[in-house]
Amino acid sequence: MGQKEGMKALKGKTVILGITGGIAAYKGAELCRLLIQEGATVQVVMTQAAQQFITPLTFSTITGQETLTETFASDSQPLKHIELANKADLFLVAPATANIIAKFAMGLADDLLSTTALVINCPALVAPAMNVNMYAKTVVQENLSILKRRGWKIIEPEEGFLACGTSGKGRLANLESIVAACRQALLPSDFEGQKVLVTAGGTREPLDPVRYIGNYSSGKMGYALAQAAKERGAEVTLISTSELPPPPEIDIVRVQTAAEMLAAIQERFSECDIVIKAAAVADFRPGNMAEQKIKKGDHKELNLSLEPTPDILANLSKVKEKQLLIGFAAETQDLLQNAKKKLDEKNLDLIVANDVNRKDAGFGSETNVVTLLYPDGHKEQVPKMPKLEVAHRILDAIRTLPGFKERN
Ligand SMILES: Cc1cc2nc3c(=O)[nH]c(=O)nc-3n(C[C@H](O)[C@H](O)[C@H](O)COP(=O)(O)O)c2cc1C
């Protein structure tokens with residue numbers, strides 16, 4: 001897959017979504033909607049048991065495609081399973097019962113879904129969902145191992161409260177994780193073997209035990225970068241001040257201040273291949289943190305004395321060896337001049353210039369508009385797009401840097 005095609009992995013792709021007979025079958029309807037939102041065409045295939053839980057009509061209505069349930073239903077399309085498999089870019093079964101997993105593992109083909117599974121020539125994923133004891137059974141685990149060995153991706157169920165009244169591992173993975181796994185299956189693994197460290201969010205510099213000096217950074221851009229790098233095969237650590245839940249399968253280290261962020265990076269820096277500093281780090285912090293809450297009545301006027309925070313990028317650029325160092329410049333004026341200055345002064349490999357005056361870009365927004373500046377002086381304007389797509393564009397740019405080393 002060429003670069004930039006990876007930005008919207010599911011756009012224009014045909015996903016065969018198998019729905020099987022478990023309580024979680026109803027969640028398949030929402031999953032359809034999420035896949036369609038990503039630009040995919042979704043063709044649902046239901047087992048007989050699945051139709052006990054939710055009707056084909058629900059899926060036909062959401063997908064705009066007739067939901068298929070029978071191998072031998074139509075004289076005009078007798079080889080439906082072959083046709084289906086040929087047009088599939090991705091084969092996903094969610095929820096997958098213990099029964100369908102066993103059929104896939106053994107190569108049984110006694111309904112449309114299992115027959116199609118034997119014909120497909122595209123990435124295949126299953127998201128098991130079942131009772132905790134059922135999931136723990138050796139036979140179920142062995143069947144999943146067989147599928148894994150054959151290159152299927154297993155989207156692990158979550159621990160939690162199950163419909164059968166018990167608690168434990170067996171609940172269908174959350175739908176965002178399933179969609180992320182689909183994107184990952186279609187994207188190139190061009191960051192496989194890379195250790196990527198991303199920082200996200202605005203730092204909080206304490207003033208007293210209940211107050212801090214902070215900024216409006218939400219952490220969304222950093223989270224999008226962490227997710228995009230993960231989707232392309234990287235091993236990702238996210239150092240974050242943000243309270244957003246971490247993207248699936250990403251190590252998160254939570255910090256508050258610039259000093260804590262620097263320490264967390266320094267601890268991991270020697271092992272990293274790529275460091276992307278998307279966090280909005282405070283430039284100044286209160287010189288002294290008050291031990292007790294500052295009271296209004298105690299002061300007519302309050303003057304704060306601020307001191308500079310440690311300069312994280314300057315610290316890293318001094319010790320950097322093989323690492324690629326990517327910075328962000330969030331500016332309200334002279335965007336490109338300020339970004340270029342930072343790129344040169346901090347010895348960066350790339351800088352992402354971010355105009356934080358715009359409503360549709362920068363802090364807190366779902367979209368971003370950035371300019372990428374390279375050390376050799378060339379620039380690339382990235383138009384307004386969702387932050388995850390911007391993140392993929394930044395990764396595309398990192399791939400072209402002279403210091404980028406393929407590791408797979
Ligand atoms: C109420 C009810 C709930 C069920 N939930 C699950 C489930 O969550 N996971 C599972 O593997 N089987 C579950 N089963 C059993 C399957 O429906 C049964 O094994 C069926 O043969 C699966 O067929 P299929 O794999 O073709 O869809 C459930 C059965 C009933 C009656």
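Predicted model: local features only at pLDDT ≥ 70, side-chain atom pairs only at ≥ 80, totals over all residues.

Biologist: What makes H8 largely enclosed by the rest of the structure?

Modeller: A residue is buried if 20 or more other C-beta atoms lie within 10 Å of its own, exposed if 12 or fewer, and partly exposed in between, with C-beta atoms placed from the backbone. In H8, 9 of the 12 residues are buried, so the helix is largely enclosed. Among them are Ile-178, Val-179, Cys-182 and Arg-183. The buried residues of H8 pack against several elements, including strand S1 (14–19), helix H1 (27–37) and helix H9 (220–231). Helices (H or I, at least four residues) and strands (E, at least two) are DSSP runs, numbered from the N terminus.

Biologist: How does the span of H8 compare with what is expected?

Modeller: The expected span of a helix is 1.5 Å times one less than its number of residues. H8 (residues 175–186) has 12 residues and reaches 17 Å from its first C-alpha to its last, close to the 16 Å expected.

Biologist: Why is Ile-36 called partly exposed?

Modeller: Ile-36 has 16 C-beta neighbours inside 10 Å, and therefore counts as partly exposed. This residue is found in helix H1. Leaving aside its neighbours within four places in sequence, Ile-36 is in contact with Val-42 and Thr-63; contact requires that the two C-beta atoms, placed from the backbone, lie within 7 Å.

Biologist: Which class does Asp-334 fall into, and which does Asn-347?

Modeller: Asp-334 counts as exposed because it has 10 C-beta neighbours inside 10 Å. Asn-347, with 15 other C-beta atoms within 10 Å, is partly exposed.

Biologist: Why is the peptide bond from Ala-94 to Pro-95 called cis?

Modeller: Omega for that bond is near 0°. Most peptide bonds are trans. Pro-95 lies in strand S3.

Biologist: What makes a set of residues a nonpolar core?

Modeller: Such a core is a set of buried Ala, Val, Leu, Ile, Met, Phe, Trp, Tyr and Cys residues joined through C-beta atoms within 7 Å. The largest has 56 residues, of which Val-198, Leu-225, Ala-229 and Ile-326 touch the most other members. A second, separate core of 55 residues includes Leu-31, Ala-117, Trp-152 and Val-179.

Biologist: How is the chain divided into domains?

Modeller: Domain 1 covers 5–186 and domain 2 covers 195–294 + 302–399; these bounds come from an automatic or database domain assignment. Their centres, taken over C-alpha atoms, are separated by 38 Å. In contact across the two are 7 residues of domain 1 and 8 residues of domain 2.

Conventions. Residues numbered from 1 in each chain as written.
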